[in-house]
Amino acid sequence: MRITTNPSTDVPGKPRFKYVGNIHGDEALSRQVLVYLIEYLLTQYGRDVRVTELVNRTDIYIMASMNPDGFERAVEGECTGSAEGRENAKHYDLDKSFPDQDEPSSMTSDDTPEVTAVMRWILEKKFVLSGSLHGGSVGASFPFDDGSSSARPGLTVDEDLFRHLAQTYTENHPIMSLDNPDCPVDPNKSFGDGGMQNFNYLKGNCFEVAFKFSCCKYPPASQLYTEWTNNKETLLTYMQKAHIGVRGFIMTRSGFGLPDATISVSGIDHNITSWMFGDYYRLLLPGRYDITASSPGYLSNTVKNVPVIEGKATLLNFTLEEPVEEVLMLDHAERRIVTKEDLSTPGPPTSKYPIQSLEFQHHSYDQMEMMLQLFSAVYPSITYLNSAGRSVQGRNLYVMEISTNPGVDPQGKPEVMFVGNLHGNEFIGREILLNLVEYLCRNYDKDPFVTRLVNSTRIHVMPSMNPDGYEIALRAHKERVSGDQSIIGHSNSHRVDLNANFPEQSQSKNTVEAETQAVINWIKAHSFVLSASIRGGFRGVVYPSSLDSVDEKIFKSVAEAFYMQSQAFQEPQACDVSRTREKKDTKHRRPVVTGTDMLTWAYQGTDTLAVSIGLSCELLPPEDSLSEYWEKNHEALLQFIQQVHMFVRGMVTDGHSGKGIANATVMVEGSSHQVHTSGTGQYWRPLAPGSYHLTASAPDYTPMSASVRVLKSRVEQVDFKLTRDALQPSRVEQKDFEKLVEQLLVPGGLDRMVRSLLPAQTLEYRTYRERSEFLRGLTLTFPRITRLYSLGQSSEFRTIWALEIAGNLKMSQPAEPKIRFVAGVHGNAAAGPELLLEFASVLCLNYGRNLAITKLIDRSRILILPCVNPDGREQAHEGLCSSSVGHTNARGIDLDTDFFYGNKSAQPETRSVMDLIYGGGFSLSIALEGGSLLATYPYDRPNQHEQNEETLRYLASLYARSHPFMHLGNLKCTKKSEKIPGGILKGADFSSHTGSMKDFSLDVGVCPEITVYTGCCLFPAEHQLFSMWMENRMPLFRMLLEVHRSLSGFVRDSKGRPVSDAVVVVNGSVTVHADSQGHFTTLVAPGTHQLQVQAHGYQQVLQQVNISSDRVTSPIVIDFTADRAPLGRAVFVIGTASLMSILICALLIWHLRSAKFRDGVRWLRSKREDLRMEAMASEKSPLREEFLDESESEDDPFFVEAK
């Protein structure tokens, strides 16, 4: 099984790794463990950071069974195995059947076909590292550690490397790390005398270690899960060792990789050779080495004192020269002769740096693909290779981005793009752009001008937009097919001219080809300032025909700059396009455009100003003329890139917060062409020298204008600080955010977002002092979004820290949800604090890098309490899964039994958290615990009925469903967790007690709190923290997302003023109070909910809302249509009520004195009912709601569904 990205293709830059199991048929455990490994790598790819990185960077091969015939004869449960199952069908021990270098083998390929196949496989793939798995004993061996005749003195240094590789596996294995595993004696033991690892080392370029990881060769199936658990971590850790030592490429001066070149290390008598692309991987321990690359027919190249560091391969590339005599002859043949005409022709001075070293030829698609992959692998720090899409026939439309920190959109870097091969038979575009990629890569850090361009610009190059048409044209060219060469391959495989296939704005139903659509999506995904398609069949710079005068000036300026820098245009030719672009000019062969071409579409529908640059009169110039085209035009191409820095640029920011406004519009007076700001608020506007009037605008902001004078010699910075239009709330931003949340709520949406985040990788157990320093470090590193403060001190005077994360720390936004994450209430539940610190680190690290995280932080207030009980945490000990040490605080009090309203003797830790909860305002709280694997919801106290149990159960189930195992409810941590439907329980059903934090949070803070038990072990080993983080990161982000799916709204009176004392009763049970601005928010389960909105002096409003599980409910507006009653009317009603009360009292006294007391009481009751009906007669009475009994209810309420 091959597991890697693009597994059907061999690509350069990936070390090849293999595991081989079941070489002895009766050693069946290795077979099954490797099957589990395959499943784990496939299922965890994209979810587990380490697995994803391994698969992305490594070419992994797993052979679960090398001896399937022997396996079929083996018997389950036989721990010592048997000779019958051990050998193959011809009764040969396969591990002893590999040829020994000292003795010829008497076996034939018919005797051991398995060995023959594996030997061929090893020689073909040139694996870098390998592990063979065995059973029947516990230990590790490597080549020549058995005292055989093959041992050589020169192996000493590699022996240290082998021991390091072996220890990597054994030290991470719970059984192998024991000094005395106490395995029974294996009657067939041959550990150390195997020939496969020797063959790998001597013939196969590969370092292989053999591992025996179990006393039993074929254990019962019931033990397989335990064995997999024992080996999972070690299998992954060993695989990572393929990335240590030194790696790189061995290339010729022409830039082609040299296969089978030799890498030798001074002092180590063992060489390795390069693979088919010229890439090599030499495993080495940390240190400094002298390394030599050599190949027959080339001069060797030695680099001295190469540093090798722990855990990461040093990149070291070699370029090998041919012998001196051949080099001199080559230079003489290629040297350009300078003539008098050259001296008189204006042009840039000849660079002292190399211009081109690749061979000039027409590259096929496969050759182009290999070349781009090669440069991406050799220059990873400045290149990022990706595909914009696929052609009709499935070929990739490759794009090479060249910049520092490629693939990331940093602030301050304008983007420029080049497209070649728009028509398949225009060969020159593809070749010129491939050479541009090579030139920029090779001259970075050598040529100051190239280095400056790459450092300051994001350069995107698509060498071929029409690879299908190119392949047709190239085949016809090579086979000399007769016919019109201007037609063959011109279009794509659907016979559509791609340059006439871009959609017109007025016709949205145009049929767009796959290649065109890919380019459209690519351009719209970026903020390209300038773009150029490199063409053939004409010479000159062509731009759109219908332009505003402002933009025509800049297009002419761009074209003139190219003409001035290009040596080729100093001499006119018959196919030159008129530089005045007169439409009636028939003297020159200007390309005919039918329909909407790319230039016009780009100008009308995107930010970029696009031109076509024709470089040759011929569509298919001869290969021997390509170098001349490159030499005469490469300076002009570099100048074209430089021009993106010579225009107007600036920032559009929010005048209040200072944050950049994304997608703001910048317009120039006199031009209909708009440009928009990037995600960070930056814009670039190409303008020719002159004076201009610019206007910046954005939804919900007041537009702002500024004047600027553009000079030819410098860039102009024009910034805009926009203020919000007070009359229009930010509806557009709200809708955009709701759309983002809904995208994350769809199946797989949040998972994709979480997998795209940069990992913090800070997981480790910290003492109180280390935890405090870590929190301070976060606030120093991310001061804009973090605030660290103290809630109080513990019994032993340790600070109880609270970390606040928000986009605007100084001022809370209206209806901004607050969420609380708490851990360490019990000090021995030690994993929770570290998970929350990792969570905080990931949030901070991805703010400004990930759009979703940035918007979530900007619109949330996240409070993280990593450790409520720091005293207990200091007492607890790692690895004690069920110990009670550290469970309580320093005074022996279980803090989760100390949360009582009005508790004057509360512990200092409890008091600190209670004060925080008293402050209110939280929408949701998540508390992390340990010792089990489930989520619980209020109440913890027994016999307490919760009125909104449906919502509480829903919130708990959200966490459990997002967890890969919790929702199963059957992981057998304790007897109680064996049969837990959905992995959730009411707190009292799991651990009944009073005084819990979750009960206090719900009763006093009106904030639902979910307690999450993150693992069966209270204090797991440190190496388990990573897997716990991977299990819990999705649920944590899901709960953060949930507070933005809440029911929220705004209560106002008839004049639009907020009603601050409004009370919203949800479903007749949950009471929510509006804040001082009239805003309210609460979490509810999906479904239909009834709202009763009340406020003193106003009529009650009844409303019905529907809440969806995968959509955001827009904030609702509650309008009190009847204002407070006039004073005169209120006095009249109160007076009337008072008179009635006096009359009733008088009648009562009179009847008590009479003999007819009983009849009087009966009469009084009837009068009371009459008075009551009179009081209820008017539905509009403002006091009607004030006097409703609890037993009364409204009949026929009028519900309005929220929109």
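Guide: Let us begin with Thr596, which sits in the loop between helix H16 (549-565) and helix H17 (598-605); helices here are DSSP runs of H or I with at least four residues, strands are runs of E with at least two, and both are numbered from the N terminus. This is a predicted model, in which local features need pLDDT of at least 70 and side-chain atom pairs count only at pLDDT 80 or more, while totals for chains, interfaces and linings use all residues. Residues are numbered from 1 along each chain as its sequence is written, and side-chain values use heavy atoms, with hydrogens and water left out.

Thr596 has a relative accessible area of 10% and is therefore buried, since buried means under 20%, exposed over 50% and partly exposed in between, with a 1.4 Å probe and protein chains only. Apart from neighbours within four places in sequence, Thr596 is in contact (heavy atoms within 4.5 Å) with Asn499, Ala500, Asn501, Phe502, Pro503, Glu504 and Trp601.

In the chain as a whole, 53% of the 1203 residues are buried, and the secondary structure comes to 31 helices and 44 strands. Of the contacts between residues at least 6 apart in sequence, 74% join residues at least 24 apart.

Glu878 lies in the loop between helix H24 (870-875) and helix H25 (908-918), and because its relative accessible area is 43%, Glu878 counts as partly exposed.

Most residues other than glycine have a negative phi, and most peptide bonds are trans. Asn6, in the loop between strand S1 (2-3) and strand S2 (16-21), has a positive phi near 50 degrees, and with 53% relative accessibility Asn6 is exposed. Asp260, in the loop between strand S7 (246-252) and strand S8 (262-265), likewise has a positive phi, of about 60 degrees. The peptide bond from Pro938 to Tyr939 is cis, with omega near 10 degrees, and Tyr939 belongs to the loop between strand S35 (932-937) and helix H26 (949-962).
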